[in-house]
Structures are given as structure tokens and as C-alpha cells.
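Here is a short report on a protein model, written for a reader who works with coordinates. Please look over the sequence and the structure first.

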Amino acid sequence: MKHFLTAAATAAAFSLAGAAHGEPDPADWEAVLKEAQGETVFWHAWGGATTTNDFIAWVGERVMNDYGVTLEHVKLTDTADAVARVVAEEAAGTDEGGAVDMIWINGENFIALKDAGLLFGPFAEQLPNWALVDTEGKPVTVDFTVPTDGFESPWAAAQVVFIYDSETMDTPPTSAEAIAAWAAENPGRFTFPQPPDFLGTTFLKQMLYELVEDPARLQEDAGDDYAEVTAPLWAWLEETTPNMWRSGRAYPASGPRQLQLINDGEIDLAVSLSPGEATAAIANQQLPESARTFVLDKGTIGNASFVAIPYNANAKAGAMVVANFLLSPEAQLRAQTPEILGYGTVLDMDKLAPEDRAAFDTLELGIATLSPAELGTALPEPHASWMTRVEQDWLERYGVAN
Amino acid sequence: MPDRGFALVPGLTIALLIGPIAAGLIGTLLPAVGYLRPGGGGTFSLAPWQVLFAEPGIARAAWLSVKTGLLSTMGALLGCFLLIAGWQGTRVFSALERLLSPLLSVPHAAAALGLAFLIAPSGWLARLTSPWLTGWERPLDLLIIGDPGGWALIAGLLAKELPFLMLMALAALPQINSAARMEVAQTMGYGRTRGWALTVLPALYGQLRLPVYAVLAYAMSNVDVAIVLGPSTPPPLSIFILRWMTDPDLALRGPAAAAALLQLALVVGAIGAWRILEIAVARIGHVAVATGARGAGLPDYAARGVGLAVSALAALAIFGGIASQIAWSFAGRWRFPEALPSSFGLRSWDRHGPAALDTTLLTLCLAALAALLALILVLGCLEAEHRRGRSLGQLGLLVLYLPLILPQIAFLPGLQILLLQLGAGMGFWPVLLAHMVFVLPYMFLALAGPFRAWDTRYATLAHAMGAGREGVLWRLRLPMLLAPILTAFAVGMAVSVGQYLPTLLASGGRITTLTTEAIALSSGGDRRAIGVWTLALTAAAWLPFAAALLLPRLVFRNRTGLRHD
């Protein structure tokens, strides 16, 4: 009944809220805290993983205790659902008291909302904990090469890694060529999530990086030379696809599905954007204890997970408080703990208090997680225009090939 | 005076449906021709249709929709008929009948997930036989789930729709005096199946027609089963609509709306084709009567065998799937080719159980309220129709069945916009309203046949003994119809429990039901969590059916003829 009562209470509260107060000013943090007290924040976030759901529930307990903010996790199957909601509200003229207070967002979803002017902010760089963020080494101010401009606040760092089962695979293939060669020797043992799934597209991006002649070109708009630049990627896919799981006639729907396929013994290699995912999945009994991770020799793409606040959010102050809490050393440390979430931190260790830094230093990253040194420096995301076209082309060639 | 009160109900019901439906339709039609763009405005344009038809794979997607819908509906209907024809009145039939309610109440998504785990190359069937029988240390690289031909999807839909059609048929059978018809046919030396097809089927099908159309429409446009079992290269049309509807690129709303209209046209076309098929089959039936062939002996055994095999396989698939969900919800490590988890534990239940219980209460509360309100309206409509001596009318009927024939994905976003305009964009009551749009027609479907088939000579007798219309309604008609009423109520609750898109869209994601939770989890890969939630979901849908079966037995323990069993 808890949900029922909450829903009823918020429905009642909505008739009163809205025009009652103006926009909270992120620069006046005391006022934000005061306004946030008693607010309910509906955080729309992907709800497909138990570990993430548990982490968000913990965040809810903590912000309730410290700031009197109630956090409700609206579990999405796809971030685009939340974006669609905000868009629909705007179309219907609901410019206040919207259903979405905060979205776990990045990439094209962020760009779509930012371009349409449907985000609240800028707020991220005024958050008190922003002072701790690693703005130099982590991709926290640019998302798909588009500047975030403070309209979204980072909460986890991600980087492409590959998960493999060390029991069935001795030497992991650490380049695009090696993956192709290995797949040819072991047909049916490799796949990736079907684009336009986020992770599937990321895999194509990663292979493009590997195969393209001049990676720097990917930082700019795709232009007339698109076909020429991407030709090696299509050649690689032409060679590899027939050697993939189900001969490339079917693909898993999402990242976690690949883990299930490894555990089922159907595949030996999976792509992931979370360096700690394998360790967390082992602890969660979703992967065999022999699972390990590796990165490619030439490096892998990194990005960050962000939270953004819609322009018509009902609890903007509360959402900022949650965003700020997510940047606290306490929350970041918990997120990085492998058995809990295993997400990379966006904080700069040099900016932390000594005891916080010590806590991060002594954190055991887990059996299947690479050390920051092994992970190497993350490559920046290519410009969004490349992926829109690669995605479309992949779909035409392989997504509807049957 | 009460007569006038009843006369208001059909209008109220139609108003309740027509608002959301009309808004949904407008919200679908306008974007398809260039209007109602986010941000307002727009001019007439065929661009959405050009985008739609230029989309790679769209023709195949449309064909998949038609093929999987028609084949699964035919299969389910045929299986249902062969089983009733060949086995009604036998002990085997009673056994299968008892399995019916639990079978029916397994929600689509849960059944699909269960089936997928059974038949996959690394699934339970392979695990149970490997490596000792098959020699497989690793699963074979076979394309079973998500095959481009859509056969796994057809199998899943068939298994799920067969119980629904069975229930509808069983509710109608007592009204058409099937036992007496069969007796006559068999006395004349007809085989069970042939005799049944010639004497019972024509009367029965008249009452089954609308449920069949609803099954056909659902099978062609569903999202949840298609996501789990259907192909993805390309997927059926409904998945394209879902993808475009929720794409951050707003320009895709137009093509999505156009695709929704295409889906609608396909559904209407398929129902038209089905109607022609009905007429053809009826002709064949007439010819068959005229030939006088008895169809006894071997043909009869073969037909009975097929009926039993199809039904038993459907039951096995769904129960096997549920059993696998139970196993996963208690599983520790479990790798291929182990037949069972290497350890069991309560960890998943500890972790997800309390939240699942919480959500179960809300889900049931919502479902019961929706079914209760819908029941009042449905009974009111039917009684008004009885008293006025005429039915809702063609237009009224069309409105009533539109939510079932119109693909959900086609008009729900339009409904969402309406709710937002009304300032009721989220929370419990909009969800209730949205659920009722779907619960009401299904309950009408479930109840109209039995209600209309009620023998009015009882009423004549009662009137002769001095009873008024109210007396007849409350003291005769409703009590005699208790079993169908409870069944309809359970159907209504199950429909509410299973709603995904209406819940998501009308609540702004703020009302979490067991279905939204299970489907959110199904996009991830945690089979243990999925196990816990799908079991809670199945239980929530199952409880009302159990009550619908048990209550008449308790109430009518001294009146066997009223039990409908």
C-alpha cells in the first residue's frame, strides 16, 4: 500500500504545488536545501538491474535522513520513455508540476532535451560537491562531444571493457582484428546487444575507433567522407557477422542479457560499459567465478552517466539535492564498491579529504575489475553525427537482413 | 423509474469509452498527416508515410504481424475446438478444465519468459537432457527464440490464447445446450469430433466470434510477447511503433502514427479476411451435413489426438515456464548444463519479496476497483438492452470493441495528452480510467453471451407469479448468472493486472504495478529477480479466477445445476 498512499498524497499535493514558488536558484544552496525539505523526487532511471535498483533505494534512504527528501525510483525499460513523457507534457502545455523530476540520462537523449530547451539549469557546476569532481581526467563536461553546459550532473564514470570467461578462453582478443580472428575460429561464441541499444551502438563505435585510419576525424561532424571513413568498419562486420552467435540472425536485447548468455554457456565474450560490472555480476551469481575483463590495446571509449532535471520538474530543489548527494564521496564510494555497483567514480582523488581518499584507496576493486592503470585513459566519444548514420546503416545491412 | 435509470447506463458507458478513444484516435490520426507536432502547429503532409515506407524491413514487419496473428489465432481456435469436441465430458477433459484458470491467469509476459527459458538451446529442456542424453557440454548454436520466421512467437501466442478461448467457450456452452446436441449427433452415428463440428460449433461460434476477433487483434499487435519471443531482425510492426513512439527524435512521432494506422488497417483487414473464412467454413459445413459422412473411427481418433496434443503441449509449456520461474527465484549458481541450480536459497525472495508484496496489494486494489466499476456498467448496459428490447446499437458496439481492435500502442499516447490537458496527468485515478477502457470491453465480451442467452421464460414465469422487473433481476437473473459474472470479474481483474502501456502512460510512471515492474526487469538479465516478480504477477492474476471457480461451488452447494461445471 505504500505506493498507493504515496501516489494519492502526491496527487493531492500537485493541485497545490506549481505556481506557489518560483524556480530554485542553484547558487543559493541554503535556499535549495530549505525548499527541498519535504519534497518528493521522482527519479526516472533504468530499472533493469537489481544492483542499480538497490543502490538507488539506498540513495533514497540517505537523502530522506539527511535532507528530508523523499526519493521515488521510477523504473524505466528505456530512458527514452522519460524523455517522451517530458516532450508530451510540453506538447500539452504542462510547464509546471511535471511527472519527471530527474532522469538518468546521457548521449542522444540528453542532446534531444537540451536542444529542445526542455532542461532546467544550468545547475550542475553550482552543486557544492562539484568542487570534488575530476573535470580534467573524466568525461564530465562533454556528452557525445556536446558540452553539457551544466544542464546535467555526472554521477558515474563508464568505460568500455570486454567480459570473457577465462575458463573457456585463454588469451582474450585485444584488438578488432584479434576479435575477428577469434570469432572465425570459434563461430557462434560472440555477439553484442542489437543496435540501437545503447551498448550495441557503443560496440560499433568502439570498432569504428579501432579500424578507422584517423581517430581524430571522429571528433568532428560526419560529412561527405562518411562512407570512406567508415568503410573499414563495414568490411570488418561483413567478415565477422556470419561467425557470430546465431550467425548474426538474432542479437541479445541488452547488455545484461549478454551476461546471461555467458552464464548459459552460449557465448564467451561480452561488451560492457561498466568496468566493475563483471565483479558485481559474479557476486550476484549472474556470472561464473571465472569471468574476467580486459580492454583493447589501443584503448577504449569512456563516458559518464549523468542526471538531468526537466524544465517542468515539480521538485527541482529536491532533485538538485539528490544530484549533489550522488557526487558525495560517500555515495561515490558505495557506487564503486564492486559487490554493490562497481561503477567508476567521477571524483578527483586529489580534491578529496585525506580520510575519503584513503577509503577509495583501500577499496578492493574485485577479482574481475581492472585497476585504473590497466584500464588506461579513456578515449573520447565520437561526435553524435557519426553514430546516427552508423546506427542507420547497421540497421539496413544487418538489423533487417532476414 | 428504475427503468429510466438503467436507460442511462449505456450512454454513460459509451461516454466513458468514447472520450479516451476519440482523443487517442485523434492523437494518432493528426500526427500521421503532419499535424499535432510537439510544440504545436503543422501543415498537411504525407512525409510520415514516406518515412514509414522507406524504413528498411517495414514490409516484412507488416507481414510478420499478419502471419503470426492469423496462424496463432487459427491454431489456438482449432486446438480449443478439437479438445472440446473430442473430450468434453471425459475425465481427461475435467482434468484439463481444472488447469484452465491457472493457465489463463499467467500473464503474457510471464508465459513468454518461461517458454523462452524452456526451449532455448541452453534452456531447461536441453539442460534436463544434457550431457547424458545429447552429449552437449555446451549449448548448440541454434536459432530457436526470435527466429526470423516468427515461429517461436506463434507458439507462445497459441499457448497463451488457447486457454482464453477455452474459457470463453466453456462459459457459452451451457447456454446452447451442447450436451443434447451431441447426444442427437452421436445417436445418429456421427464421430465425436464431426458430430460436434456439425451440431454444436455453429451455435457456439456465434457466441465466440468477438473473443476470437479480440484474440486476433491482440496477437497481431502485442508488444510484450513479441519482445521476448519474436524476431528482431526485423521485429513485428508493433515493435517499430513502440520504438518510434518512445524515440527521443520527435520527428519519428509522425511515422509512428502512420505505422499505427497501418497496424490498424492490417487488423481490420485480417478480421475481414477472417469473416470471409467463417462464411467459407460455414458453406463447407452445409456440404458436410448433406454428404452424411459420419467421420467415426480413425478420423475421429486422429482429431481427438491432435486436440489433446496441442492443448497438453500448451499447458506443459506454460506450467513448465512457471516451474522454471520458481526454480530461478530460489536459485544460487546455475550454469549450463546443470539440470537444477547447484544451490538453492531465499536470497532473491529476501531481496525482492517485500517490495513485490507491496506492489501486489496496489495491483490487486487497482484491478478490483476497475473490475467492479466495469461490472456495474456492463450489467447496467445488458439489463437496459434487455428492458428496452434492443441492443447498444451498431455504433455503440463499435465503440465498445474499439479498444480491443485498435492496437494499444496506436492510441495510448493520444490518451496521455488528453489526461494532461485535463490536469490529471498522473496518479491512481487516471490509471484506473485507462485500465477501465480495456477492462470494460473484455468483461462485456465475457458476460454478454451468457447474459443474453439466459432463458427469459424464467422471467415470464416469475412475472406470472407477481415478481417485478427488479425482482427478476436481483432474485433470478443475477444469482443464476453468478458463475459467468464471477468469471467475467476475474477476466476483468486479469486484464487490469496485465496492463503495461496504459499504466505507464497514464501514471507518468508513478504507479508501479507487478506488470510494469516485471517488464522493466525483463529488459535486464536478472532471471532470479524476474522469477520473483513474475510469480507474484501470476499469483495476483490467479487469485480472482480461483475465487470465480470456488464461490459458485460454495454458494450453490445444494444447487448443482447453477454451478456451470
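## Interface between chains A and B

In this predicted model, 78 residues of chain A are in contact with 66 residues of chain B. The area buried between the two chains is about 5900 Å². Carbon and sulfur atoms give 49% of that area. On the chain A side, three residues lose the most area to chain B: Arg85(A), Arg246(A) and Gln285(A). Together they make up 12% of what that side buries.

## Fold and dimensions of chain A

Chain A holds 15 helices and 10 strands. Its C-alpha atoms fill a box of roughly 65 × 50 × 45 Å along the principal axes.

How does the radius of gyration of chain A agree with that of a compact globule? For 402 residues, such a globule would have a value near 21 Å. Chain A has 21 Å, so the two agree.

## Packing of chain A

Of the 402 residues in chain A, 63% are buried. The cut-off for buried is under 20% relative accessible area. Contacts were also sorted by sequence separation. Among those in chain A with a separation of 6 or more, 81% join residues 24 or more positions apart.

## Surface and charge of chain A

Chain A exposes about 14300 Å².

How many side chains of chain A are positive, and how many negative? There are 21 positive and 60 negative ones. The centres of the two sets lie 4 Å apart.

Conventions: Residues are numbered from 1 along each chain as its sequence is written. Chains are lettered from A and ligands numbered from 1 in the order in which they are written. This is a predicted model: local features need pLDDT of at least 70, side-chain atom pairs count only at pLDDT 80 or more; totals for chains, interfaces and linings use all residues. Side-chain values use heavy atoms; hydrogens and water are left out. Helices (H or I, at least four residues) and strands (E, at least two) are DSSP runs, numbered from the N terminus. The radius of gyration is taken over C-alpha atoms; the globule rule is 2.2 Å times the number of residues to the power 0.38. Buried means under 20% relative accessible area, exposed over 50%, partly exposed in between (1.4 Å probe, protein chains only). Contact means heavy atoms within 4.5 Å. Accessible areas come from the Shrake-Rupley method with a 1.4 Å probe; for residues, only the protein chains shown count as cover. Lys and Arg count as positive and Asp and Glu as negative; His and the chain ends are not counted. The place of a charge is taken as NZ of Lys, CZ of Arg, CG of Asp or CD of Glu. Buried area is the accessible area (1.4 Å probe) that two parts lose on being put together, summed over both.
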